[in-house]
Every structure is written in C-alpha cells, then in structure tokens.
Amino acid sequence: MECRVLSIQSHVVRGYVGNKSATFPLQVLGFEVDSINSVQFSNHTGYAHWKGQVLTAEELNVLYEGIKLNKVNHYDYILTGYSRDTSFLEMVVDIIQELKKANPSLVYVCDPVMGDQGAMYVPENLLPIYRDKVVPLADILTPNQFEAELLTGRKINTEDDAFKVMDLLHKMGPETVVLTSTDLPSKHGDQFLVALGSQKIVIASHVQKICMDIPKVDAVFVGTGDLFAALLLAWTHHHPKDLKAACEKTVSVMHHVIKRTITYANEMAGPGKRPSPAQLELRMVQSKADIENPAIVIEAKVLESSH
C-alpha cells in the first residue's frame with residue numbers, strides 16, 4: 001500500500017528548510033509527498049537578505065479545494081511545521097479535520113513551532129490556537145522544551161517534570177510526544193543534550209518512555225527541526241509501536257546529516273573562520289544513503305515499557 005503525505009510548510013528556492021527539508025527524505029523512504037508551500041522565499045531568513053511571497057489562508061483553501069474537486073484528498077499522513085499567521089493556522093485546522101473525517105486512520109504529525117530558549121518567534125496569539133485546536137488533532141507531536149512548557153503552562157526543571165508535561169500533552173490528544181531538545185543535564189556531560197520521548201497507546205494499553213543523549217554541535221543549523229519531524233513520521237510508520245527504534249533511526253540520520261554538513265562547511269570556510277549560512281545548508285542529497293539505511297550511532301534508553 002502506498003503511503004501519501006500532505007506536507008504544509010515553507011519553501012525556499014535555495015537551501016533546506018520546511019518542505020525542502022522534509023520532502024526528499026520522505027520520498028527516499030518510499031512516501032508520496034504532496035506539498036503545499038506556505039511561503040516561497042529565495043532562502044531562509046538567517047541569510048543577510050531574503051525575498052519572497054507568503055500564501056494566505058484563502059490561497060491555501062483554493063489549493064485544497066482543487067485537490068478535493070478531483071477527489072484526490074485521501075491522505076495517510078499530514079505534516080505541518082512553522083506557521084506565523086493565525087488565519088492560516090485556523091485554515092490548516094479545518095483542512096486536517098476534514099481529511100481526518102475522510103480517513104479516520106490518518107496520522108497527523110505536528111511540529112508546534114513557536115520559539116526556543118525562552119523566547120517566542122511567532123506572534124503570541126498563535127499559542128491558544130496550537131493549544132486548543134491543533135494539538136488535540138495531532139497524533140505525533142515534536143515540541144522542544146520551551147514549546148512543551150508553553151502548551152501545558154508548566155515549567156520543566158527535572159526529567160520527572162518533563163514526563164509529567166508529556167503526560168499532560170498525551171491527555172490533550174497526541175499519543176506520541178518527543179521533546180526534541182531540553183535543557184536537562186546529560187549524564188554524559190555538557191557536550192550532550194537530552195531528548196525524551198513518550199508513547200501512550202490507550203487501546204493497546206501500551207506505554208513506552210525513552211531518553212536519548214545527543215552530541216551537541218557548535219553551529220547554527222536551519223531546517224533540522226523540519227527534517228526531524230519528517231524522519232520521525234517515516235520511522236514511526238515503519239516501527240508503529242516501537243518509539244525506541246523510531247527515535248534511534250531518526251536521531252542517527254540527523255547525526256549523519258549534521259556531521260556531513262559541519263565537515264563540509266568548515267572545509268569551505270577555511271581554518272579559523274566561521275561558516276556562513278550558505279555553507280551551513282544541510283547536505284541533504286549527499287546523505288541519501290544515510291537517510292535510507294542509517295547506522296545507529298545514538299541509542300535510546302528505555303525508562304519504562306508496558307504492553
């Protein structure tokens with residue numbers, strides 16, 4: 001059975017963020033990807049200059065209507081990332097609700113992009129829409145620590161707090177939650193960041209909680225969150241009740257792509273120079289083999305498991 005994904009994300013002419021980050025890996029892993037580009041920019045906004053167009057809620061609706069009129073609006077997965085406009089996000093919610101009616105087994109993978117390190121980089125009025133409308137529709141949620149705190153109104157200071165917050169998120173809707181990055185101390189020292197995952201499948205009374213220590217890299221990459229969500233979609237599809245396996249493969253691919261990117265960027269920049277945003281674009285095409293069949297370089301520790 002072929003698997004079809006509707007991905008509503010940004011598009012850039014050059015580089016890898018949003019749909020450019022998500023489409024290639026999903027296609028390589030055997031998915032049909034239908035993309036709606038929420039914006040079309042020359043490049044990501046971390047460059048000195050960027051130009052482009054933004055899709056309005058009405059324009060999004062027109063595209064969806066076209067798909068619907070041809071009766072090809074059957075999807076197995078929906079993937080969404082960065083959105084900075086309330087009316088656009090509300091329209092996405094309407095589309096997801098309709099697609100879930102058409103296919104009740106549709107899986108919605110949501111990266112609730114709102115901010116990081118204690119600061120929001122989308123308008124604050126997006127938070128209630130995410131919290132009250134988007135998250136309840138999500139099946140798989142990939143917030144960072146700050147986004148998880150925003151959605152639940154709870155602070156995370158310990159691993160225990162983190163799992164309590166993930167439990168609250170489960171209660172809001174999604175049965176799989178992965179905290180993609182936290183400020184929790186790693187047992188391996190400050191060169192590692194801790195990611196946590198929790199899966200609660202009520203009808204199967206299945207619970208799995210995992211913890212991963214991920215090596216830090218000293219550079220700012222753009223598009224990694226979008227890549228993470230796409231890979232998690234793919235690997236949870238292949239390992240539906242094994243969050244440990246899905247996360248190990250996801251994080252290992254990320255590690256290979258980032259390593260290849262930083263090596264290339266440092267080579268291009270030359271000794272002692274910091275690489276530019278253009279040099280730090282993810283080495284996506286060059287990582288095709290790793291995406292398809294990643295060597296597992298980061299293991300997930302199972303903290304709790306019951307079937």
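1. The largest cavity is lined by Ile8, Gln9, Ser38, Thr80, Gly81, Tyr82, Ser83, Phe88, Leu89, Val92 and Tyr130. Note that this is a predicted model. The volume of the largest cavity is about 60 Å³. Two elements, β1 (4-12) and α3 (86-102), each give at least two residues to its lining. Helix α3 has the largest share, with three residues. By class, the lining of the largest cavity holds six nonpolar and five polar residues, and no charged ones.

2. How many cavities of 30 Å³ or more are there? The count is two. The second largest cavity has a volume of about 40 Å³. Its lining is made of Val178, Ala195, Leu196, Gly197, Ile210, Met212, Phe228, Cys247 and Val251. Two or more of these residues come from each of β10, β11 (206-215) and α8 (243-269). Strand β10 provides the largest share, three residues. Eight lining residues of the second largest cavity are nonpolar, one is polar and none is charged.

3. Turn now to an open space. The second largest pocket has a volume of about 350 Å³. Its lining counts 15 residues. Those nearest the centre of this pocket are Val107, Glu175, Thr176, Ile201 and Pro240. Strand β10 (192-201) and helix α7 (224-238) each supply at least two lining residues. What classes make up this lining? Seven residues are nonpolar, five are polar and three are charged.

4. Next, the aromatic rings. The whole structure has two aromatic pairs. One of them joins Phe31 and Tyr77. Their ring centres are 6.1 Å apart, and the planes make an angle of 80°. This pair is edge-to-face, because planes over 60 degrees apart count as such. Where do the two residues sit? Phe31 is in the loop between α1 (18-28) and β2 (32-41), while Tyr77 is in strand β4 (residues 77-80). The pair therefore ties together parts that are 46 residues apart in sequence. Phe31 and Tyr77 are both buried.

5. Phe41 and Trp50 also pair. Their ring centres lie 5.2 Å apart. The planes are at 35°, so this pair is tilted. Are these two residues buried or partly exposed? Phe41 has 15% relative accessibility, so this residue counts as buried; the cut-off is under 20%. Trp50, at 42%, counts as partly exposed.

6. The charged end of Lys20 sits over the ring of Tyr16, 5.5 Å from the ring centre. Arg283 places its charged end over the ring of Tyr264, at 3.5 Å from the centre.

7. Last, check the backbone. Most residues other than glycine have a negative phi. Lys71 is not a glycine, yet its phi is positive, near 55°. Lys71 lies in the loop between α2 (57-69) and β4. This lysine is exposed, with a relative accessible area of 73%; the cut-off for exposed is over 50%.

8. Which phi value does Gln117 have? The phi of Gln117 is positive, about 50°, although this residue is not a glycine. Gln117 belongs to the loop between β6 (115-116) and β7 (119-120). With a relative accessible area of 63%, Gln117 is exposed.

How values were computed
Residues are numbered from 1 along each chain as its sequence is written. This is a predicted model: local features need pLDDT of at least 70, side-chain atom pairs count only at pLDDT 80 or more; totals for chains, interfaces and linings use all residues. Side-chain values use heavy atoms; hydrogens and water are left out. Rings of Phe, Tyr and Trp (its six-membered ring) pair if their centres lie within 6.5 Å; planes under 30 degrees apart count as stacked, over 60 as edge-to-face and the rest as tilted. Helices (H or I, at least four residues) and strands (E, at least two) are DSSP runs, numbered from the N terminus. Buried means under 20% relative accessible area, exposed over 50%, partly exposed in between (1.4 Å probe, protein chains only). A charge sits over a ring if NZ of Lys or CZ of Arg is within 6 Å of the ring centre and within 35 degrees of the ring normal. On a 1 Å grid over the protein atoms alone, a cavity is a set of points where a 1.4 Å probe fits but cannot get out, and a pocket is an open set with protein on both sides within 12 Å along at least five of seven lines; lining residues have an atom within 4 Å of a point. Grid points are joined across faces, edges and corners, and a volume is the space filled by probe spheres set on the points. Ala, Val, Leu, Ile, Met, Phe, Trp, Tyr, Cys and Pro count as nonpolar, Asp, Glu, Lys and Arg as charged, and the others, Gly among them, as polar.
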